[in-house]
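The following exercises concern the structure shown below.

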Amino acid sequence: MPLPDLDDLIAEIDRTCDTAHRAATSQEQPDWLALLTTAAGVAGQLQALADDLVEDYVEHCRMHGHSWTDVGAALGVTRQAVQQRFQAPHKRYGPETMTGDLRLAMTHVKRAAVQHRNNYIGTEHLLWGLTAETNSATRLLRSLGVSPDDIHRAVGARFSVGASQAAERIAWTPYSRRAIAIAEERACAGADTDPLIDCHHLLHGLARTGRGVAATVLAEQGLDLSAL
């Protein structure tokens, strides 16, 4: 796959940064600081895209039974380094950060992973847990004309049985980490003090992530993301 070279990127910066060249009409030189700002923004977007590319394949490796040691070796780093980068920090999203309903949903999440002998918690496990019992997520789905029961069955049909025996060492996939991070942001935006992540926040995170089994199931079941 051909990648853009430095000259291509420089040409794109020059084309994109109109303000730098409008200023040049009355000067001999363009506005180099404006060009630098634009270049830094493009570099950040490229880095984010590169990170998403690697995270996508890390998730697939974990879903198909490869250990953190295997993933680290493929990336040329240690197991500890790859876990630190890609594994969700459990302390940050402990029970004290969640409502009672979300803590209950998380018991269903863990049970689904253990029963299917999965060594990861993917977006499918999270959506399964959210739709296992009545809570703010299921009420939101019903208000949008989407059946939580249908979603629960659709997610269940997509589970695959793994070979993991390490029930206490289940790690979150990158997409699941992203969903809970979005949920936390959503909870913080709507609270004055001590925000707690609730089920509808996590549903929002799964939909906003846009990737993974949960996003696919939600779209197939007719969920309007803009309405959500």
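**Exercise 1.** Identify the residues with the most contacts inside the largest nonpolar core, and the elements that contribute to this core.

*Solution.* The model under study is predicted.
Step 1. The largest nonpolar core comprises 36 residues, and those with the most contacts inside it are Leu102, Leu127, Leu130 and Leu202.
Step 2. Two or more residues of this core come from each of helix H6 (100–115), helix H7 (123–130), helix H8 (136–143), helix H9 (148–156), helix H10 (174–189), helix H11 (199–209) and helix H12 (213–220).
Step 3. The helix that gives the most to this core is H6, with six residues.
Step 4. A second core of six residues is separate; among its members are Val58, Trp68, Phe86 and Ala171.

**Exercise 2.** Determine which residues Leu127 is in contact with, leaving aside its neighbours within four places in sequence. Then describe how H7 and H9 are arranged.

*Solution.* 
Step 1. Beyond those neighbours within four places in sequence, Leu127 is in contact with Ile151, Val155, Leu203, Leu206, Ala214, Val217 and Leu218.
Step 2. Two packed helices are described by the angle between their axes and the distance between the axes.
Step 3. For H7 and H9, the axes come within 9 Å and cross at roughly 145°. This crossing of H7 and H9 is left-handed.
Step 4. Where the helices meet, Glu124, Leu127 and Trp128 belong to H7, while Ile151, His152, Val155 and Gly156 belong to H9.

**Exercise 3.** State which residues of helix H5 are buried, and how they are placed around the axis of H5.

*Solution.* 
Step 1. In helix H5 (residues 79–86), the buried residues are Val82, Gln83 and Phe86.
Step 2. Viewed down the axis of H5, its buried residues fall within an arc of 100°, so they line one face of the helix.

**Exercise 4.** Classify Thr138 and Arg117 as buried, partly exposed or exposed, and describe the setting of each residue.

*Solution.* 
Step 1. Thr138 is located in helix H8. Buried means under 20% relative accessible area; Thr138 has 2% relative accessibility and therefore counts as buried.
Step 2. The side chain of Thr138 reaches the backbone nitrogen of Asn135 at 2.8 Å. Apart from its neighbours within four places in sequence, Thr138 is in contact with Leu130, Thr131, Glu133 and Pro148.
Step 3. Arg117 lies in the loop between H6 and strand E1 (120–121). With a relative accessible area of 36%, Arg117 is partly exposed.
Step 4. Although Arg117 is not a glycine, it has a positive phi of about 55°.

Technical notes
Residues numbered from 1 in each chain as written. Predicted model: local features only at pLDDT ≥ 70, side-chain atom pairs only at ≥ 80, totals over all residues. Heavy atoms only, no water. Core = buried A, V, L, I, M, F, W, Y, C linked by side-chain atoms within 4.5 Å. Buried < 20%, exposed > 50% of the residue type's maximum accessible area, 1.4 Å probe, protein only. Helix = DSSP H or I, 4+ residues; strand = E, 2+ residues; numbered from the N terminus. Contact = heavy atoms within 4.5 Å. Arc of directions from axis to C-beta. Polar contact = N/O pair within 3.5 Å; in protein donor to acceptor, adjacent residues only side chain to side chain. Axes fitted to C-alpha atoms, helices over the stretch in contact; angles between N-to-C directions. Left-handed = near helix turned anticlockwise from the far one by under 90°.
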